[in-house]
Amino acid sequence: MDTPRVRFAPSPTGYLHIGGARTALFNWLWARRTGGTFVLRIEDTDRGRSTQEAVAAILDALRWLGLDWDEGPEVGGPHPPYFQTERLEVYARHAERLVKEGKAYACYCTREELEAGRKQAEAEKRQFRYPGTCREKPYDPSRPHVIRFRVPETGATAWDDLVKGHISTPHDTLQDEVILRGDGVPLYNFGAVVDDITMEINLVGRGDDHVNNTARQILMYLALGYPVPTFAHFPMILGADKTRLSKRHGATSVTSYRDMGYLPEAVVNYLVRLGWSHGDQEIFSLEELVRVFDLKDVGATAGVFNPDKMAWVNHEWLKRLPAEELARGALPHFRAAGLPAEDDAKLRHVCEVARERARTYGEYVQQFRYFYAPVTLDPKAKAKFLTAETRPILQAIRDGIAALPSLETGPLEKVFTGEAERRNLGLGKIAQPVRVALTGGTASPGMYDVVQILGRDETLLRLDDAIRAIG
């Protein structure tokens with residue numbers, strides 16, 4: 001095969017979803033692995049649903065994932081930006097050529113006539129197939145019409161898919177489909193073929209929901225006299241119930257994972273493993289993937305999206321980061337939650353204690369907001385641990401902390417262990433009432449970390465509030 005030229009061709013009708021991101025990733029990795037070219041094309045012919053906001057969201061998501069493109073929107077060089085709505089003349093020229101060569105024809109059937117045919121087919125319990133009404137009619141450009149592609153009536157079209165193996169489609173299952181509407185806008189199959197021809201794409205990697213389009217497209221390549229590219233159809237991503245991934249399975253937008261506090265490295269890492277493997281290795285950097293990714297290792301069976309596994313991968317990536325980088329990444333999420341965090345020693349300490357406990361930056365905020373907001377006592381924890389019996393313990397710890405010259409771990413530990421020894425209690429019996437008073441609940445990092453993060457003044461204030469609440 002020549003040096004690969006691959007493409008990612010999203011429709012800007014919404015955000016970049018997880019399945020589209022994986023398709024882009026597989027193509028990008030193959031281009032980078034082989035020294036090929038990664039082309040970005042925006043298929044915006046659905047004018048009623050395509051928006052500039054969606055274009056911006058798609059580009060934003062690709063940039064966040066680290067998937068740069070070599071040709072396409074916002075890239076200089078000899079190639080114009082690839083938006084299909086800017087290329088209507090190109091499609092018209094190729095369609096006109098097919099009509100002149102007898103490989104396509106003008107169809108003058110009205111919508112009403114076609115709808116009547118569909119209803120008759122439905123009544124006869126058969127699939128509607130355009131009957132070729134206009135196949136032999138002379139071309140009259142003055143009449144309203146669409147252009148239909150002439151499909152062979154016998155035989156079959158076959159190809160060897162890099163992922164799914166040999167596939168053959170009988171021609172009697174196809175119909176003379178519309179390739180160019182009356183307003184000059186191409187239908188999907190024709191637009192994709194003309195674009196791939198003119199952009200010299202020689203490997204088409206896409207989701208296997210497009211398998212049914214491939215025979216039609218191959219016939220169009222052949223009719224136009226161009227080489228047929230190699231095809232690789234990637235299996236779908238399914239939800240836990242083995243149905244196609246959708247919003248009911250949770251977030252499907254790439255940027256929603258960014259907003260939840262996932263790292264782009266982790267999202268890339270998890271997505272590539274949905275349908276591709278390299279031994280038993282689970283954690284890959286983008287640089288490693290460029291070295292080892294191979295399309296022949298993409299499996300033919302659908303991957304099942306597992307949010308817990310994705311969170312685990314993200315946790316593994318977060319644990320690798322130094323405290324300073326963790327804090328920089330966490331800061332926007334604390335601030336988005338309205339919490340007065342700063343990029344300082346306090347936040348770095350919070351991130352250090354969160355490192356083993358929270359899987360995303362979003363969980364950092366959920367689990368440790370009490371370091372930046374007034375404590376909210378859990379009613380059950382309050383009833384169990386903030387009692388008349390624990391009041392003297394809280395007072396003793398409060399006075400011990402107040403008397404310390406510093407909040408270093410050694411002196412803090414002596415305050416807690418000393419009180420436990422005086423009362424002949426386990427350390428947990430001392431720490432748990434203090435934990436509830438300082439954090440509002442029964443689960444938190446170690447008490448010495450909590451006191452150090454809160455600082456002396458806030459620690460004493462919360463203990464005083466708890467003591468007063470007991471009465």
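Colleague: What should I know before I start reading?

Modeller: This is a predicted model, so local features need pLDDT of at least 70, side-chain atom pairs count only at pLDDT 80 or more, and totals for chains, interfaces and linings use all residues. Residues are numbered from 1 along each chain as its sequence is written, and side-chain values use heavy atoms, with hydrogens and water left out.

Colleague: How many residues does the largest nonpolar core have?

Modeller: In soluble globular proteins, nonpolar side chains tend to be buried together. A nonpolar core is a set of buried Ala, Val, Leu, Ile, Met, Phe, Trp, Tyr and Cys residues joined through side-chain atoms within 4.5 Å. Buried means under 20% relative accessible area, exposed over 50%, and partly exposed in between (1.4 Å probe, protein chains only). Here the largest core has 106 residues. Those with the most contacts inside it are Leu62, Phe293, Phe305, Phe334, Tyr364 and Phe371. Helix α18 (residues 447–470) gives the largest share, 10 residues. Helices (H or I, at least four residues) and strands (E, at least two) are DSSP runs, numbered from the N terminus. A second, separate core has 40 residues, including Leu98 and Tyr130.

Colleague: Which residues is Leu62 in contact with?

Modeller: Contact means heavy atoms within 4.5 Å. Leaving aside neighbours within four places in sequence, Leu62 contacts Phe8, Leu16, Ala24, Leu40, Leu67 and Trp69.

Colleague: At what angle do helices α11 and α12 pack?

Modeller: Two packed helices are described by the angle between their axes and the distance between the axes. Axes are lines fitted to C-alpha atoms, for helices over the stretch in contact, and angles run from 0 to 180 degrees between N-to-C directions. Helix α11 (residues 323–336) and helix α12 (residues 345–354) pack at about 100°, with axes 9 Å apart. They are therefore roughly perpendicular. That word covers 65 to 115 degrees; under 35 is roughly parallel, over 145 roughly antiparallel, and the rest oblique. From α11, the contact includes Leu326 and Phe334; from α12, it includes Leu347 and Val350.

Colleague: Where is Gly338, and is Gly338 buried or exposed?

Modeller: Gly338 sits in the loop between α11 and α12. At 60% relative accessibility, Gly338 is exposed.

Colleague: How many disulfides does the structure hold?

Modeller: A disulfide is a pair of cysteine sulfur atoms within 2.5 Å. This structure holds 0. For Cys107, the nearest cysteine sulfur is that of Cys109, 3.7 Å away. Cys107 is buried, at 2% relative accessibility. For Cys109, the closest cysteine sulfur is in Cys134, at 3.6 Å, too far for a bond. Cys109 also counts as buried, at 18%.

Colleague: Is Glu43 buried or exposed?

Modeller: Glu43 is buried, with a relative accessible area of 7%. Its place is the loop between β2 (37–40) and α2 (52–65). Not counting residues up to four places away in sequence, Glu43 touches several residues, among them Pro10, Gln84 and Tyr188.

Colleague: Which way does phi go in Lys242 and Asn424, positive or negative?

Modeller: Most residues other than glycine have a negative phi. Lys242 has a positive phi of about 65° although it is not a glycine. Lys242 lies in the loop between β10 (237–238) and α7 (254–259), and is exposed at 55%. Asn424 has a positive phi near 55°. Asn424 lies in the loop between α16 and α17 (427–439), and is exposed at 71%.
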